[in-house]
Amino acid sequence: MSTISRWFSKRDDAAIAAAEQASLRSDRFRLEREGDWRRLEAIVARIEAGSVRGISDDDLVALPALYRTLVSSLSVARDTTLDAATLAYLEGLAQRAWFVVYGPEVGFFGWLRRFFGGGWSAAVRSLGADILTTLAIMIAGTVIGWLLVASNSDWFYAFMPAEPGDPRVPGASHAALYGSLFGKTGKTGLSVFAAYLMSHNASVSIMCFALGFAFGLPTILLVIQNTVQLGAILWLYHGQGLTLDVIGWLSVHGTTELFALMLSGACGIHIGRAMAFPGQRTILEAASQAGRRTATVMTGVVLMLIVAGLLEGFARQLIDATAPRLMVGGFMLAWWLFYFFAFGRRGAVR
Amino acid sequence: MARWKRPPRKRQSSKERRGRVILTAEGLRLPLTLASRGSRVGALLIDLTLAFMTVLLTGVTLVYVARGLGMDHVKQTSPGVRHMFEALQVLWIIALFVVPNAWFLWFELGARGATPGKRLLGIRIAARPARDGSATRLTAEAVIARNLLRNMELFMPALFIGSAISVGADSTLAGWTALVWFGIFALFPFLNRDALRGGDVIAGTWVVEVPRRKLGAAMSLGQSAQGVSQVTGAHYRFSQAELAIYGEYELQVLERVLRDASKSQPKALQDVAQAICTKIGWSSGAGDERAFLEAYYTQLRARLETGMRLGTRKADKHDG
């Protein structure tokens, strides 16, 4: 029996009897409410242990009321009792109960539903300016890569460290380059390749995001470094008249992967910008707002890179012609553009 | 005239320095204690060890399965087995990526807001309060953000320091610059008051201690609290003048001594009883300290709490 249940039923005789034995008024106050505190403590401990299912409905319904009773007990106790141990217990319990009562608003599946049902798209749209900035940087990086390699082909080795057996070097023949784009349908080990690409690219994009913390500058460098390689590759294949073929080869996964790179770069720049120019907010406030907003986008980026890894590992090797490759790449691009910029505009969930 | 000299600052204990107050929606001022940097490093080491063991265990299991399927000589076996082998390789790559990245995320998203390492050391993550001190909720986004930065803070500096050591004295200026640059991120928690690491800054979180206090017994129950000794049957009654000597600070010291269950308690009881007797001019006997102190504690607390209700408080013996 407890104070709350006593509102509706007879008074708890045992607690009252115990309380009457106490000679101090503050101890009587405590003894009358102790049952509620212990009940709350038991519920909180259960929830902390992760077993919400093991809690009875009565207890779950009573939790908010028990928490408020505790809060009021603590306020009264602070003004009336000098029992340090009891005060410390109440403060500790209030803190633990606060975390439980004001815990995460939604569970994992609720969060997923919100994420796919418009949360992700809305977060991407909120980065509009940063996405455009990153896109500009990426285009500039590609052009720079192309121009540098065109002016002096030694640059190629600086961007793409030569690996033994890689036919993709300046001066390679048309046949060698063509061979690197087509005729790999019989290859095994595709899934391993896909998994490797996924984990590598995800690590790069996470780094791209994290480096935003250093005011975004390393993020920009990382984006440039990746797109300069793209420019160099394009130049190489252009020299042998394979421009469209290489674009097709890249676009299968590239539209998804480069989109993901663009988003992670935008996230990094967004954080860097918020920290460098916080405006009316404190730097800490600005940084944490930017961080929470971009975290949603970054979760999506990792998912996109899983898709890109699958496309790169399987689809690109299995589709052995330029036109269908371009179609797959184009379709993916259209899908992402639709999902981010047209989907969930009206009923956007936060 | 040494007027410009600042008065000596009261030295705070480490625990006091880490104390913060948040204001809940109910208007309650809730004290928190930030986790010490030492316990955070400890928790991190435990987590890294556990995550490493998980990866290792996965690897050993995969190798065991591969052996069991007779994959020692992949080239000579059938395509079916080769596909299985490929699947195992994929699982391995995924485990290498997922375990270190998801370990912290998964556990911190739970109701305890703590990884196993943090749980062991009694700390958890929480959202930093808003500028006016009002408490805010921990969100999934915040947990994701704080863990995405771990790569940059932990693995990159480790990589750079590793490469700096392997290159030795020949490392370039660029190498050293990078080392310092990443060193700043790695040492970030030591450079601010709230021990925030980069991830905490980005996510708006901090790490706090989880209180684990049991409710102690009520002190004013039973005969001895009424002033009647169980041992000798003596009645202890103190006059208001005898109680007026001490304040709240001394009351709490006395409470600690009475609640203390360690071996040193009898000695402490004797010392405190002796001190009080000297102060109030009683001649102290031996053997009945506990009853004496419980009686004194209860009566002093009654007096101070009455004063409290009337709005007069006495902080310690020097006060008022």
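Among contacts in chain A between residues at least 6 apart in sequence, what percentage join residues at least 24 apart? It's 78%, where two residues are in contact if their C-beta atoms, placed from the backbone, lie within 7 Å. For chain B, residues 24 or more positions apart account for 63% of the contacts with a separation of 6 or more.

Before going on, some housekeeping. This is a predicted model, in which local features need pLDDT of at least 70 and side-chain atom pairs count only at pLDDT 80 or more, while totals for chains, interfaces and linings use all residues. Residues are numbered from 1 along each chain as its sequence is written, and chains are lettered from A and ligands numbered from 1 in the order in which they are written.

Chain A has 14 helices and zero strands, while chain B has 13 helices and four strands; helices (H or I, at least four residues) and strands (E, at least two) are DSSP runs, numbered from the N terminus. Buried residues make up 42% of the 350 residues in chain A, and in chain B 28% of 320 residues count as buried. Here a residue is buried if 20 or more other C-beta atoms lie within 10 Å of its own, exposed if 12 or fewer, and partly exposed in between, with C-beta atoms placed from the backbone.

Ala140(A) is partly exposed, because 15 other C-beta atoms lie within 10 Å.

Next, find helix α13 (residues 283-318) of chain A: its axis and that of helix α10 (residues 190-210) of chain A come within 8 Å and cross at roughly 150 degrees. Axes are lines fitted to C-alpha atoms, for helices over the stretch in contact, and angles run from 0 to 180 degrees between N-to-C directions. That makes α10(A) roughly antiparallel to α13(A), since angles over 145 degrees get that label. The residues of this contact divide into 16 nonpolar, seven polar and one charged. (Ala, Val, Leu, Ile, Met, Phe, Trp, Tyr, Cys and Pro count as nonpolar, Asp, Glu, Lys and Arg as charged, and the others, Gly among them, as polar.) Helix α12 (residues 243-276) of chain A also packs with α13(A), at about 170 degrees and with axes 8 Å apart, so these two are roughly antiparallel as well. Their contact has 22 nonpolar, seven polar and three charged residues.

How do the chains meet? The contact takes 59 residues from chain B and 67 from chain A. On the chain B side, α3(B) gives the largest share, eight residues. By class, that side has 32 nonpolar, 13 polar and 14 charged residues.

Of its 98 residues, Ala210(A), Leu263(A), Met298(A) and Leu148(B) touch the most other members. Helix α12(A) gives the most to this core, with 16 residues. Leaving aside neighbours within four places in sequence, Leu148(B) is in contact with Ile206(A), Phe209(A), Ala210(A), Ala295(A) and Met298(A). A second, separate core of 21 residues includes Ala22(A), Ala218(B), Tyr246(B) and Leu293(B).

Note on methods
Angles under 35 degrees count as roughly parallel, over 145 as roughly antiparallel, 65 to 115 as roughly perpendicular and the rest as oblique. A nonpolar core is a set of buried Ala, Val, Leu, Ile, Met, Phe, Trp, Tyr and Cys residues joined through C-beta atoms within 7 Å.
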